[in-house]
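Thank you all for coming; I would like to take a few minutes to walk through one structure with you. Please have a look at it first, and then I will start with a question.

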Amino acid sequence: MLETYKPQPIDTSDVELSDELRELAELMAKNVHDVWAQARIQQGWTYGEERNDREKTHPDLIPYEELTEEEKEYDRSTSLGTLKLILKLGFKIER
Amino acid sequence: MDILSKPTLSDELIAAFVDGRTTPKETQQVLRAMLTDEEVRDLIEYMIRDNDMGDIEDECEDGQTVSVSPLPVQTNKTTSLSETQLPMAKMAAKSEENLCGVRCEEFIMYKRNIPFDDCELIQIAKANNWLRKDGVPLFYIGELLARKGYYVMRRYESNLDDIKRAILEKENVIVAVNSEILYDKKDHKKTEPNHAVVVLSVGPDTVTIFEPLNKFEERIQVPLAKFMLSWEASHCYMVKIFTNPEGYTPQPIQMDSVPLNPDLTDLVEGIAENAHDVWAVDRIEEGYTYGIKRDDDLKKHPDLLPYSALTDKEKNYDRKMAINTIKLVNLLGYDIVKKGN
């Protein structure tokens, strides 16, 4: 019976977000990045052009604004997905 | 972001790179790998037949330092690029021009009051293979400064704002350009990057640069449009030199310990359950199935159950993430309310 668990995450592809909420997603993405970076720095990691686990260097230990567009897209998409989910679950997000 | 191991380059990607068929993003991926992976670097260099290095004219043989002529230098240069050589991996240059990458770095040392010996730097660059007959490959610009303890970031697809921000933060900027476009040489047929310059400031209509063939005190102002056109030849490749990565002090918003509005309990559960399902989809795609005890070799995981079947302890993991997300939205100035309230 347990083998038949087929997870079905909610599809949010039909949810539209206003410009305001897109900006909110950007702020959330930045915060997620800062949380990750702070933890890394506290563990003794520093900036390095290439990731090196032995020397604890990571190329993403830079301000969110300086990440590549590709990396920002990835972070943004997570926040955008969360906001869409909140709307889909029947809630409003407003100031 | 993170945690998985670095992706290795596929043979197809390497072959495409050598043929010059990669997208700028792919090119950057390969060039970054070349920076640290000697095997990759050797393979690619072999494939693009870089064995014919020749001997770089050693201007230091008689102990004299190189003198540079004022700009612009009229060269009758014929580029030694062959069909198999990539614009991105080569700097087409001849005689005194092949040192432009080194000269840009020396200028930065001069600006930062770092003592240097021109001959010594050239020898180091040659010995480390950062300097070739045709100049410095783009991915090595900055290595001399890196050696002196500076941080270097190399990036394609940069833009003017990136340059402005770097200058504002007292970082140094070297860009790869096409000199024929930059200096308006008539009948320029080549469009690949063949030159490096240091950018000092960006104005509304002009860009002030240091041209490595000039004396350190000399500046040139280039029309903005011309600068952009010549920079685009390198897909807007930029090298940034900076000293203080600790200057980035991340300050995430502090979550307070105030409990959430109880009206939002449904939302917390909804987000938590969805996060669990998303996680489960990934594990199942990797071939995992339910097992009482976690076993990564047999790919078993005890949490591969419907969310409702999980214990509170397991649910709390996802709930915590959901609560933090809602609190973050609140702290950023937004309320979350049920529709129809």
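In which loop of chain B is B:N113 found? B:N113 lies in the loop between α4 (100-111) and α5 (118-127) of chain B, where helices (H or I, at least four residues) and strands (E, at least two) are DSSP runs numbered from the N terminus.

Before I go on, a word on the source: this is a predicted model, in which local features need pLDDT of at least 70 and side-chain atom pairs count only at pLDDT 80 or more, while totals for chains, interfaces and linings use all residues. Residues are numbered from 1 along each chain as its sequence is written, chains are lettered from A and ligands numbered from 1 in the order in which they are written, and side-chain values use heavy atoms, with hydrogens and water left out.

Back to B:N113, whose phi is near 55 degrees, a positive value in a residue other than glycine. B:N113 is exposed, at a relative accessible area of 71%; here buried means under 20% relative accessible area, exposed over 50%, and partly exposed in between, with a 1.4 Å probe and protein chains only. B:D184, also not a glycine, has a positive phi of about 60 degrees, and this residue sits in the loop between α8 (179-182) and β3 (195-202) of chain B. With a relative accessible area of 49%, B:D184 is partly exposed.

Let me turn to the interface. Here 53 residues of chain B are in contact (heavy atoms within 4.5 Å) with 50 residues of chain A. Between them the two chains bury about 4,800 Å², 62% of it on carbon and sulfur atoms, buried area being the accessible area (1.4 Å probe) that two parts lose on being put together, summed over both.

The rule finds three salt bridges across this interface, each a side-chain nitrogen of Lys or Arg within 4 Å of a carboxyl oxygen of Asp or Glu. A:E66 forms a salt bridge with B:K240, and their closest N and O atoms are 2.9 Å apart. On the side of chain B that touches chain A, the largest share, ten residues, comes from α10(B).

Finally, strands also meet across the two chains: β3 (residues 91-94) of chain A and β9(B) run antiparallel and are joined by four bridges, where two strands pair if DSSP finds at least two bridges between them. Within this pairing, A:I93 stands opposite B:I336 in β9(B).
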